[in-house]
Amino acid sequence: MSMIAACAAISLTVAGCGSEDATPAQETTTTVSSPVEASAGEEASTETAVPSQPGVTAPTQGGVTTNPDEIGGIQEVSGEGFAARIQVLNEPKMHTGHTLTFPVVIDVDSGSMNADPSYWEVRTLSGRTIEGSHDSGIPIVIASGPIDGHVEGLVTFFGADATESIVEVALYSDGSKSQEPIARWTLPTPVAVADIAALGE
């Protein structure tokens, strides 16, 4: 009897050891798989959180610059009560009487806006600003009054000196220009007024 009891006790001990060995193995498996899953989750969230690169613009057709902030580019402009797409063409001209003009194309998508010459100015390389002004002697000038659709015409600037160079065209939300421009178009390289005048009217 004592022999049978001893064998039974040994069997129980061996079975118990096997049972205890299985538990740590399972725990180890769980411990190893958790960091892997957590790491995979972290990598996935990191990839999702990467922001898109700002300032990347798709190329456009018809000779329009791919940079909307450069002259020739189309900018999406918004102000109080309107949203529009505006393009200032890289086609400056000098007219009799020291009047500089830039052609503009405006498409108002919602609301209405004003964009007659009093809302514009150009900046020279020396830092001087020349405000837009009305010149009735030049045809196709952007007229006063609200615009609520498609308009093409000229913006006029009186008083451009032949010794200066133009570096920027700016649009303001009001004629007083008391705030920062709502849009700016820079020229890739300064353009001398004398060179513009040499092109003729």
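Helices (H or I, at least four residues) and strands (E, at least two) are DSSP runs, numbered from the N terminus. The views show a predicted model, in which local features need pLDDT of at least 70, side-chain atom pairs count only at pLDDT 80 or more, and totals for chains, interfaces and linings use all residues. Residues are numbered from 1 along each chain as its sequence is written, and side-chain values use heavy atoms, leaving out hydrogens and water.

**View A. Lys177 in a loop between two strands.** The loop runs between strand E8 (165-171) and strand E9 (183-192). Most residues other than glycine have a negative phi. Lys177 is not a glycine, yet its phi is positive, about 55 degrees. Its relative accessibility is 14%, so Lys177 counts as buried (under 20% relative accessible area; exposed is over 50%, partly exposed in between; 1.4 Å probe, protein chains only).

**View B. His95 in strand E3.** Strand E3 covers residues 93-95. His95 is buried because its relative accessibility is 15%. The side chains of His95 and Thr101 are joined by a polar contact of 3.0 Å (a pair of N or O atoms within 3.5 Å; within protein, one must be able to donate a hydrogen and the other to accept it, and residues adjacent in sequence count only if both atoms are side-chain atoms). Ile196 is 101 residues from His95 along the chain, and their C-alpha atoms are separated by 9.6 Å.

**View C. One of the two aromatic pairs in the structure.** The ring centres of Phe102 and Phe157 are 6.4 Å apart and the planes meet at 80 degrees, so the pair is edge-to-face (rings of Phe, Tyr and Trp, its six-membered ring, pair if their centres lie within 6.5 Å; planes under 30 degrees apart count as stacked, over 60 as edge-to-face and the rest as tilted). Phe102 belongs to strand E4 (residues 99-111) and Phe157 to strand E7 (residues 150-158), so the pair links distant parts of the chain, 55 residues apart. Both Phe102 and Phe157 are buried.
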